[in-house]
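Try each task before reading its solution.

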Amino acid sequence: MYSFIGGGLFCAIVGNILLVVSTATDYWMQYRLSGSFAHQGLWRYCMSGKCYTQTDSIAYWNATRAFMILSAMSCFAGIIAGILSFAHFSAFKRFNRSFAAGIMFFISTLFVLLAMAIYTGVTVNFLGKRFSDWRFSWSYILGWVALHMTFFAGIFYMCAYRMHECRRVAGSR
């Protein structure tokens with residue numbers, strides 16, 4: 001059981017770091033504009049070595065930002081519950097911290113999936129047609145890697161929960 005919790009905790013911490021880095025950096029998309037390279041993230045865009053704050057309140061950027069922040073917050077809550085699951089003392093008989101951590105990681109996965117899907121759909125259908133020479137960049141890729149890490153953290157914690165439940169049921173007979 002502890003190996004699943006340890007593996008889940010490792011995946012969750014790495015996933016949360018990747019979520020924060022992906023959300024904070026401005027290399028979600030790179031493109032060529034007027035002969036020079038430019039790149040943009042969720043908060044800023046940079047052209048010719050100068051960076052500018054995204055002042056436009058465009059719905060897909062706001063939705064992507066919100067879902068990425070919610071994902072990082074729910075992943076952090078899952079990490080706290082996951083660390084607390086090492087201690088078996090609980091005030092509630094029917095509450096299992098491993099199960100709660102697994103659910104929080106799956107919620108984090110859902111939020112990051114929504115963020116990435118929104119950004120991908122709008123970028124490919126709108127911005128991809130606007131710029132001829134463009135590509136997704138490393139901040140965007142980190143978001144997808146974070147999705148997988150939070151998903152596997154949830155899987156690990158659900159396996160730990162199942163092992164704990166099987167031992168609890170077997171011990172009560």
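**Exercise 1.** Find how far apart the end C-alpha atoms of residues 7-29 lie, and what share of the span is helix.

*Solution.* Start with the ends: the C-alpha atoms there are 32 Å apart. Next, assign the span, which is 78% helix and 4% strand; helices (H or I, at least four residues) and strands (E, at least two) are DSSP runs, numbered from the N terminus. Then turn to the record: an unreviewed UniProt entry lists residues 7-29 as "transmembrane region", along with 66-87, 99-120 and 140-160. UniProt positions follow the numbering used here, feature names are shortened, and annotations may be inferred rather than shown by experiment. Finally, take residues 140-160: this span is 100% helix and 0% strand, with end C-alpha atoms 31 Å apart.

A note on the model: it is predicted, so local features need pLDDT of at least 70 and side-chain atom pairs count only at pLDDT 80 or more, while totals for chains, interfaces and linings use all residues. Residues are numbered from 1 along each chain as its sequence is written, and side-chain values use heavy atoms, leaving out hydrogens and water.

**Exercise 2.** Is Val21 buried, partly exposed or exposed?

*Solution.* Locate Val21 in helix α1. Its relative accessibility is 31%, so Val21 counts as partly exposed, given that buried means under 20% relative accessible area, exposed over 50%, and partly exposed in between (1.4 Å probe, protein chains only). Across the 173 residues of the protein chain, 42% count as buried.
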